[in-house]
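Colleague: I am new to this structure, and I would like to know what stands behind the words used for it. Could you take me through them one by one?

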Amino acid sequence: AAPAEGAISPKEMLARMRPVPTFALVDGTTGTPYMIADKQGGGATGYFFTSFQGAAFVLEEAKRDAEKNGYTEVWENAKIAIVPLDIAVRLALKKINRTGQNDLKLDTIGDIIASAESIEAALKLDTSRRYTQQGNVPLFYADGLELPPGDDGGKRTPVYFSKADLVAEWNKQNTGSPSPEVKVLDLIDTFRGVMKGNSNGDLLQSLVFVPTAETVRVARDLKSKESVPQYKMNEMIAVGGK
């Protein structure tokens, strides 16, 4: 459906996501992503982590498991690459047929993995248990919290990947005031709503995505120190699976 008059478009929402980094495991020479193959279902899943620590933890676990089972060469050149959030969201919503080792061809989908801290915070705010499901990414906001106007003078309503960051900004702007009522919404569900033409009132019109300072710093350091190739779209390294 076309967006209602004045509603944010999917293209504009994706543009607002672009400055937010996510992290993916790829071959350090080719940029080919590692994906978990589902041998029964005939597909494969690639992961995008909202925190560098999440990606690093999974990479270390994979290398440890590979060493224990005698296939260390699969992971020996693995690196952590930066993938803009808008690309990760596109790949979480649309299957892509990729070629793997030995001309293996599988339909692949992306999953965005939120940090453990954000999931824990979301579960305290949303009792539906939806955030126990992999691929749900909580975003935190509070009514009345705004950032200084942008270059165009427009209103800017922040949504945070970290509840602690929201509370810190609230306290900076409202010294001595009670803590805000923090609310949570899901990244993918919100974007699906935009695709259907739902504007969700004033929030989406002025929404600004705020990654954690640590995520921004790590992404900047990675770009300056490492020459990890660009994430490759049409190929994969299929690993694991049941």
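Modeller: Gladly, and let us begin with the largest cavity: its lining residues divide into 6 nonpolar, 2 polar and 1 charged. Keep in mind that this is a predicted model, where local features need pLDDT of at least 70, side-chain atom pairs count only at pLDDT 80 or more, and totals for chains, interfaces and linings use all residues. Residues are numbered from 1 along each chain as its sequence is written, and side-chain values use heavy atoms, with hydrogens and water left out.

Colleague: Which residues line the largest cavity?

Modeller: They are Met35, Phe48, Leu91, Ile96, Arg98, Thr108, Ile109, Gly110 and Tyr231. Ala, Val, Leu, Ile, Met, Phe, Trp, Tyr, Cys and Pro count as nonpolar, Asp, Glu, Lys and Arg as charged, and the others, Gly among them, as polar. Strand 5 (96-99) and strand 6 (105-113) are the elements that give two or more residues to this lining, and strand 6 has the largest share with 3 residues. Strands (E, at least two residues) and helices (H or I, at least four) are DSSP runs, numbered from the N terminus.

Colleague: What makes a space a cavity?

Modeller: On a 1 Å grid over the protein atoms alone, it is a set of points where a 1.4 Å probe fits but cannot get out; lining residues have an atom within 4 Å of a point. Grid points are joined across faces, edges and corners, and the volume is the space filled by probe spheres set on the points. The count comes to 1 cavity of 30 Å³ or more, and about 30 Å³ of space lies in the largest cavity.

Colleague: Why is the pair of Tyr34 and Trp75 called stacked?

Modeller: Rings of Phe, Tyr and Trp (its six-membered ring) pair if their centres lie within 6.5 Å; planes under 30 degrees apart count as stacked, over 60 as edge-to-face and the rest as tilted. The centres of Tyr34 and Trp75 are 4.1 Å apart and their planes are at 10°, so this pair is stacked. Tyr34 lies in strand 2 (residues 34-38) and Trp75 in the loop between helix 2 and strand 4 (78-84), so the pair ties together parts that are 41 residues apart in sequence.

Colleague: And what makes the pair of Phe23 and Phe52 edge-to-face?

Modeller: Here the values are 5.7 Å centre to centre and 85° between the planes, which gives an edge-to-face pair. Phe23 is in strand 1 (residues 21-27) and Phe52 in helix 2 (residues 52-69), so parts 29 residues apart in sequence are tied together.

Colleague: Is Phe23 buried or exposed?

Modeller: Buried means under 20% relative accessible area, exposed over 50%, and partly exposed in between (1.4 Å probe, protein chains only). With 0%, Phe23 is therefore buried, whereas Phe52 has 24% and so counts as partly exposed.

Colleague: How do you know that the charged end of Arg130 sits over the ring of Tyr131?

Modeller: The rule asks for NZ of Lys or CZ of Arg within 6 Å of the ring centre and within 35 degrees of the ring normal. The charged end of Arg130 is 5.4 Å from the centre of the Tyr131 ring and sits over it.

Colleague: Why is Ser206 called buried?

Modeller: Its relative accessible area is 7%, so Ser206 is buried. Leaving aside neighbours within four places in sequence, Ser206 is in contact (heavy atoms within 4.5 Å) with Arg16, Lys155, Arg156 and Thr157.

Technical notes. 1 Å grid on protein atoms, 1.4 Å probe; cavity = no way out; pocket = protein on both sides within 12 Å on 5 of 7 lines; lining within 4 Å.
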